[in-house]
Amino acid sequence: MRVQIKHLMVGMTSVFSAGMAGAVDVNQELSIIGRPVNGEYGFQPSVTELARDVVWLDSAMLYIITSISLVVLGLIGWVVIRYNRRSNPHPATFSHYTPVEILWTVIPVLILVVIGTLSLPILFKQQIIPEGDIHIKATGNQWYWNYEYPDHEFNFDSFMLARDQLEEFGYSQDEYLLATDTAMVVPVNKTVVINVTGADVIHSWTVPAFGVKQDGVPGRLAGLWFTPEVEGIFFGQCSELCGKDHAYMPITVKVVSQEAYDEWISNATAEYAEVPTQTRKLIVAEGQDQQQKIQTAVSTARLQ
Ligand SMILES: [Cu+2]
């Protein structure tokens, strides 16, 4: 028993101290790039080819939609002015005009073909998963994410930070509902392949700046990939209504240099691989801890 307690204490200390150290180290010199900004609109900065494609497609669609709207508006205006009762007191009495009917069938079909030609290659690019440099499994739980690095045989949970924890982890109050205690860490300019799944209900792993969104369905593994080109911190949120705390399971990804990544991997292997997940969960369950604090913060937030 004494040995068990000692083991638990050692585990606890290493988890918390190393966790803190890890957070501070990786945070250094990283600016927050992927996050929503008050009063702004449009997309977050694109840091992957996929995100640039998505933004480009959005603009292309906007041009097409705007053109259609203007043409339809023009036609309505023309009919209203030219064919009102005063301008056209004796309306024609014919019905059906084949050339027009052919036109209003063929033109929309052509528009859809153009839209398909623009969008399908982008969809296929997202869905055809390349050979990755880094492999991660992201599992959505009610209500936090777990990240597993199968190549290094460790995994860890990522919980949202309560308001009073943000500064301690190097974030500001603006990052409330976005920042998490631990983060997924990936190296810059490397292809990251993520298998997404759900442990209980359907969740969705999304980071807008990477242009990725993938549902995590229990019992299935879905893939997504991205190659981040800029170092920094990027936020996302679960994007599938997954229960009462759906809004409180954000995603934090830190894109770092290869050296920082290697260092993080060796620290993380020591931190997480040494202490099995079940033990960590026990520590979390027994201590006056993080999750407790978060649950309190979440309940308070919901009441406000
Ligand atoms: Cu969720």
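## Gly-140 and strand E2

Gly-140 is found in strand E2, residues 134–141; helices (H or I, at least four residues) and strands (E, at least two) are DSSP runs numbered from the N terminus. At 0% relative accessibility, Gly-140 counts as buried, where buried means under 20% relative accessible area, exposed over 50% and partly exposed in between, with a 1.4 Å probe and protein chains only. This is a predicted model, in which local features need pLDDT of at least 70 and side-chain atom pairs count only at pLDDT 80 or more, while totals for chains, interfaces and linings use all residues. Residues are numbered from 1 along each chain as its sequence is written, and side-chain values use heavy atoms, with hydrogens and water left out.

Leaving aside residues up to four places away in sequence, Gly-140 touches Trp-145, Thr-197, Gly-198, Ala-199, Asp-200, His-203 and Met-249; contact means heavy atoms within 4.5 Å. Gly-140 and Ile-202 are 62 residues apart in sequence, yet their C-alpha atoms are 7.7 Å apart in space.

## The copper site

Which protein atoms are donors of the copper ion? They are His-203 (ND1), Cys-238 (SG), Cys-242 (SG) and Met-249 (SD), at 2.1 to 2.6 Å from the ion. Donors are N, O and S atoms within 2.8 Å of the metal (3.2 Å for Na, K and Ca); water is not among the atoms, so sites may look incomplete. Along the chain the donors follow the spacing H-x34-C-x3-C-x6-M. The arrangement is tetrahedral because the 4 donor atoms subtend angles of 91 to 128 degrees around the copper ion. Four donors count as tetrahedral if all angles lie between 85 and 135 degrees; four count as square planar and six as octahedral if opposite donors are over 155 degrees apart and all others between 65 and 115, and anything else is irregular.

His-203 lies in strand E7, residues 203–207, and is buried at 0% relative accessibility.

## Nonpolar core

The largest nonpolar core has 52 residues, and the members that touch the most others are Tyr-147, Tyr-149, Ile-194 and Trp-205. Helix H4 (residues 258–274) supplies the largest share of this core, 5 residues. A nonpolar core is a set of buried Ala, Val, Leu, Ile, Met, Phe, Trp, Tyr and Cys residues joined through side-chain atoms within 4.5 Å. In soluble globular proteins, nonpolar side chains tend to be buried together.

Ile-194 touches Ile-136, Ala-138, Met-184, Trp-205, Ala-222, Gly-223, Leu-224 and Phe-226, with residues up to four places away in sequence not counted.

## Helix H3

Helix H3 (residues 98–127) has 30 residues and reaches 42 Å from its first C-alpha to its last, close to the 44 Å expected at 1.5 Å a residue. The expected span is 1.5 Å times one less than the number of residues.

Where does H3 bend? The bend is at Ser-119, by about 30 degrees, and a proline, Pro-121, follows within four residues. The bend at a residue is the angle between axes fitted to the seven residues ending there and the seven starting there.

## Loops and backbone geometry

A cis peptide bond joins Gln-142 and Trp-143, with omega about 5 degrees. Trp-143 is in the loop between E2 and strand E3 (144–149). Glu-153, in the loop between E3 and E4, is not a glycine but has a positive phi, near 55 degrees. At 67% relative accessibility, Glu-153 counts as exposed. Asn-189 also has a positive phi, about 60 degrees, although it is not a glycine. Asn-189 is in the loop between E5 and strand E6 (192–198) and is partly exposed, with a relative accessible area of 48%.

Gln-173 is found in the loop between strand E4 (154–158) and strand E5 (184–187). With a relative accessible area of 34%, Gln-173 is partly exposed. Gln-173 touches Arg-163, Leu-166 and Glu-167, not counting residues up to four places away in sequence. The C-alpha atoms of Gln-173 and Arg-163 are 6.7 Å apart, at a sequence distance of 10 residues.

## Whole chain

The protein chain has 6 helices and 11 strands. Of its 304 residues, 40% are buried. Among contacts with a separation of 6 or more, 71% are between residues 24 or more positions apart.
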